[in-house]
Amino acid sequence: MEHERDAEGGPSRRGLLAAVGATSTALAGCTDLLSNDDDLADSGPWPALESGEVLSDFQDLEEWTARTGAVSAAPEEALTGSQAAVLESEGETAEMSAEFSDGFDLSELELSDSLDLEGWDVSLAVKPESATRIRVEFVAPSQEERLTSVRLIPDGFDGWFRLDCGYQQKPAEEPDLSEVTRIDVVAEGPDGGPTRLVVDDLRRTESADNGAAILAFYGGHDSHYDVAAELLEERGWTAAVPVPPERIGENGRMTREQLRDLGDRGWDVCPLPEPSTLLPEQSADGQRQVLEDARATLEGEGLDDGARHLFVPDEGFDAETYRIAREVYDAAFVSNSGTTGVPPTEMHAIPYIWGPALHTGVRRHVNLADQYDLLTVIRVPRLVDDDAAEVGVDENRMSIDDFGLLLEHIDHRGLDVVTPSDLVDGTFERDREEPAEPERPDGVVFEEGRSHAFDGSGAGETSSFDLEEGLLVATVSGDASEIAVDLVRDEGVDIDETLARTDGTDGESVSVVDGGAYRLEVAADGAWAIELTQPAVHSDDLEDLPVEASGSGSAFVGPLWTDGDVRVVATHDGDGPFVVDGHGADGHREVLVNRSDEFSNSRSYKAGGPVWLDVEGVGNWTLSITDP
């Protein structure tokens, strides 16, 4: 096993010292680390102590103000310089802040009015001695314009690790990271308290040129090979397959030959051990045996690249697991919803998000990864060919339809799809062309296409029909209490697009389609009629922003002309589904809202060129579409 590479997959500590103009405080911290925490020193260089710029070394605690609880010096805990800081309270919350408008001096940076974090990632060494959750907030420049990083602490974890402050939460107003006026660090303890968090070495490192995503196909199921691999192959993407080594080839799971085939295609097949006794309940020797055996098994199958990267089993991560993982593996992924840097400064506690939560977190994480050049790791369970509405978000499966939407969203947002080996080996950068500024068309956008009409009663499927490339408008009517219409291609993997959904009232829906053969799948409890038209679209039809629209039930807004990203503020007063999709003349589709009941919030939309917004709602709705 190679130990001369640091946690970012770069050169050894000696090489970094020669290559990086680190501050004297950071260099001193490397020596302090060896003396203050022998366990960490034994398991390799402490992440990020030799890269980036120090924002606060916590040597002067007057820079920090306790908002809840107290802040005090902790010389015996120092990772850098002569002391760390302890944030603690007798209650369930402890909070401290650094106000730049008060003349906060960030090490050598000499900033007083605000901090510029545009193009930077921030990380912080933390030791959660009594904490269940840590929040780091970046006020930019006001409380209404802030970004928040949230990290859940695994039960029983009380050791040091480095927290990469990827963003998970953003309010309605758009933050400006070039004008950060305050940083808040908030620790949440167990019920009733007390709360205690040790912190050190707050620093920034330059962010990547582009956001990235890792798709992790948990368990190595047949559907991952038969469906997912085909869809990723079409895009030239590779992924990770975390597998329990002892369950390879079980019924419904990939065989050794299939896993080796994916490995030959550039996928990472990674260890996901499933010990009969949870790792934190085992001795240090027992944990080491499990983790070493899992790696050795995959290496024995010729899957050396992926074998370097551990996916920690659920409920299986404490300070001892972390220490051993740093010695045995090049990277480790831990259950925790969040984004992180590309690559993370902390390579052995990389968080991931639950893929089936496509409409309640995943799309937001993808958007934030795109906007702030971050990494999101998405856990994808077994894929099933069931209606997405019938697959609960808490079930250990994901519909093929939702998986198709996820791939479309990642593709449209322009994230680099990478593997764990790409992070460790520094091969995550991709050659890409800068997107061209959209040119407003002059003349025809879409030619008139075909028209079709269908009717029936109850659930059914239409015969095959042809469409031209262009706009498709569906007008749905009937006496059913609900009518759902899916548009299905006759060729390729069976991924359906929900074309229309009504609550028994007449409605219109819109989509942009490729030419080819299609059919409709209809779910209804009564009679229905569907008219499909492909109207011509001319440049004179394009409406400029800002645009205000309102309606009830199913309808669409557009065509609109957009120069690039737009902001959509949507409201809905109904008690049923509310879905807003963006469709571009270039063929992109982005799901902006997919919620139920009342809704009032804003969404960013990566538009550009002529677009339409399709609305499926039960009740009254409004849209306000503006430039960011």
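**Pocket and cavity**

On a 1 Å grid over the protein atoms alone, a pocket is an open set of points with protein on both sides within 12 Å along at least five of seven lines, and a cavity is a set of points where a 1.4 Å probe fits but cannot get out; lining residues have an atom within 4 Å of a point. Grid points are joined across faces, edges and corners, and a volume is the space filled by probe spheres set on the points. The model discussed here is predicted: local features need pLDDT of at least 70, side-chain atom pairs count only at pLDDT 80 or more, and totals for chains, interfaces and linings use all residues. Residues are numbered from 1 along each chain as its sequence is written, and side-chain values use heavy atoms, with hydrogens and water left out.

The second largest pocket has a volume of about 580 Å³. Strand 16 (331-335) and strand 18 (350-354) are the elements that give two or more residues to the lining of this pocket, and strand 18 supplies the largest share, three residues. Strands are DSSP runs of E with at least two residues, helices are runs of H or I with at least four, and both are numbered from the N terminus. The lining comprises 22 residues, and those nearest the centre of the pocket are Asp 314, Glu 315, Ser 335, Asn 336 and Tyr 352. By class, the lining has 13 nonpolar, four polar and five charged residues. In this classification, Ala, Val, Leu, Ile, Met, Phe, Trp, Tyr, Cys and Pro are nonpolar, Asp, Glu, Lys and Arg are charged, and the others, Gly among them, are polar.

The structure also holds four cavities of 30 Å³ or more. The second largest cavity has a volume of about 80 Å³. Its lining consists of Arg 151, Leu 152, Pro 154, Phe 157, Phe 161, Phe 317, Val 334, Asn 336 and Ala 349, that is, seven nonpolar residues, one polar and one charged. Asn 336 belongs to the lining of this cavity and also lies among the residues nearest the centre of the second largest pocket.

**Overall fold**

The secondary structure of the chain comprises eleven helices and 42 strands. Of its 628 residues, 56% are buried; buried denotes under 20% relative accessible area, exposed over 50%, and partly exposed in between (1.4 Å probe, protein chains only). The chain exposes about 24900 Å², with 42% of that area supplied by carbon and sulfur atoms. Accessible areas come from the Shrake-Rupley method with a 1.4 Å probe, and for residues only the protein chains shown count as cover.

Among contacts in the chain with a separation of 6 or more, 74% are between residues 24 or more positions apart. A contact requires heavy atoms within 4.5 Å.

Helix 9 (residues 358-372) has 15 residues and reaches 20 Å from its first C-alpha to its last, close to the 21 Å expected at 1.5 Å a residue. The expected span is 1.5 Å times one less than the number of residues. Helix 9 is mostly covered, with twelve of its 15 residues buried; among them are His 359, Arg 363, His 365 and Asp 370.

Asp 373 follows helix 9 and lies in the loop between helix 9 and strand 19 (375-380). Phi of Asp 373 is positive, near 55°, in a residue other than glycine. Asp 373 counts as buried, at 19% relative accessibility.

**Further backbone features**

Most residues other than glycine have a negative phi, and most peptide bonds are trans. Asp 201, in strand 11 (residues 195-206), has a positive phi near 55° and is buried, with a relative accessible area of 1%.

Val 342 and Pro 343 are joined by a cis peptide bond with omega of about -10°; Pro 343 lies in the loop between strand 17 (339-340) and strand 18. The peptide bond from Gly 558 to Pro 559 is also cis, with omega near 10°, and Pro 559 lies in strand 36 (residues 555-562).

Glu 144 is in the loop between strand 7 (133-139) and strand 8 (146-152). Beyond its neighbours within four places in sequence, Glu 144 contacts Pro 171 and Glu 173. The C-alpha atoms of Glu 144 and Glu 173 are 6.1 Å apart, although the residues are 29 positions apart along the chain.

Glu 174 lies in the loop between strand 9 (161-164) and strand 10 (182-188) and is partly exposed, at 36% relative accessibility. Not counting residues up to four places away in sequence, Glu 174 touches Glu 145, Gln 371 and Tyr 372. Tyr 372 is one of the buried residues of helix 9.
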